Amino acid sequence: MLRVLAVDDEKPALEELLYLLRADSRIRSAEGATDATEALRRIGRALEAGPDGEGAIDVVFLDIHMAGLTGLDVARLLAGFARPPLIVFVTAHEGFAVQAFDLKAVDYVLKPVRRERLAEAVRRVRDLVVALREPQRTEQPAPAPETVQAAPAGGAEQIPVELGGVTRFVAVDDISYVEAQGDYARLHTAAGSHLVRIPLSALEERWASRGFVRIHRSHLVALGRIDELRLDAGATTVRVGDAELAVSRRHARQLRDLLLRHARG
């Protein structure tokens, strides 16, 4: 159950966001702040009280354009803390996606906020919170790291995932993109997503020959699954199915070259 702080200096937008968040069964509490100063004050008190203290905050849903300090300013300030809350940006502006993900945002939700899109952001936050808390549990041994396994000769490479205590296998060819979540990686397929305990860097090295390319510190994408490349106000994004993913500046040129070669081939 997540404890949420939503920050937006437009009261109607804040009230709508809080309404949608409170309607989600995965949210324990959702409080609002109408400016960055108030938000930082509340977050400071929450950090002093600790993760189990009164007023603790797991995630901040944060507008970008606000009077005074912007949402990006708030995120930069929070980056200086040892264990800051997670951040989801909620904004009407597409052009800040690269900066947002460079600040390690979990998600970037565009206004007007759709219930389904917000639910996906909540899912990402919840899964990451669970993953970050798992290593701290001492009453049970930590799960052994997942390893990529290959099927018998002639078969497709597969990776084991845990589903309700049952190990199943996902074909690498079915994976559209991979999302870094701490020491874990989330595999996204058309049928759903799966969290595995493998660093994104390990998958990048292993799957380079299968057409997976790094587009951001947080994302590895199957080249053949990219439906659209967009350049908007200097920010580059790709569309993979229903997902829109930021491309960092250092990877943008290489990605464009690879997509051109892939199209010609």
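Is Trp 207 buried or exposed? Trp 207 is buried, with a relative accessible area of 0%; buried here means under 20% relative accessible area, with a 1.4 Å probe and protein chains only. This is a predicted model, in which local features need pLDDT of at least 70, side-chain atom pairs count only at pLDDT 80 or more, and totals for chains, interfaces and linings use all residues. Residues are numbered from 1 along each chain as its sequence is written, and side-chain values use heavy atoms, leaving out hydrogens and water.

**View 1. The aromatic pair of Trp 207 and Phe 212.** The structure holds one such pair (ring centres within 6.5 Å, taking the six-membered ring of Trp).

**View 2. The buried residues of helix H6.** Along residues 200-207 (a DSSP run of H or I, at least four residues), the buried ones are Leu 200, Leu 203 and Trp 207. They cover an arc of only 60° around the axis, so they lie on the same side of H6; the arc is taken from the directions from the helix axis to the C-beta atoms.

**View 3. The largest nonpolar core.** Among its 26 residues, Leu 5, Val 7, Leu 62, Phe 89 and Tyr 108 touch the most other members. Such a core joins buried Ala, Val, Leu, Ile, Met, Phe, Trp, Tyr and Cys residues through side-chain atoms within 4.5 Å. Apart from it lies another core, of 23 residues, including Leu 18 and Val 88.

Conventions
Phe/Tyr/Trp six-rings, centres within 6.5 Å; stacked < 30°, edge-to-face > 60°. Buried < 20%, exposed > 50% of the residue type's maximum accessible area, 1.4 Å probe, protein only. Helix = DSSP H or I, 4+ residues; strand = E, 2+ residues; numbered from the N terminus.
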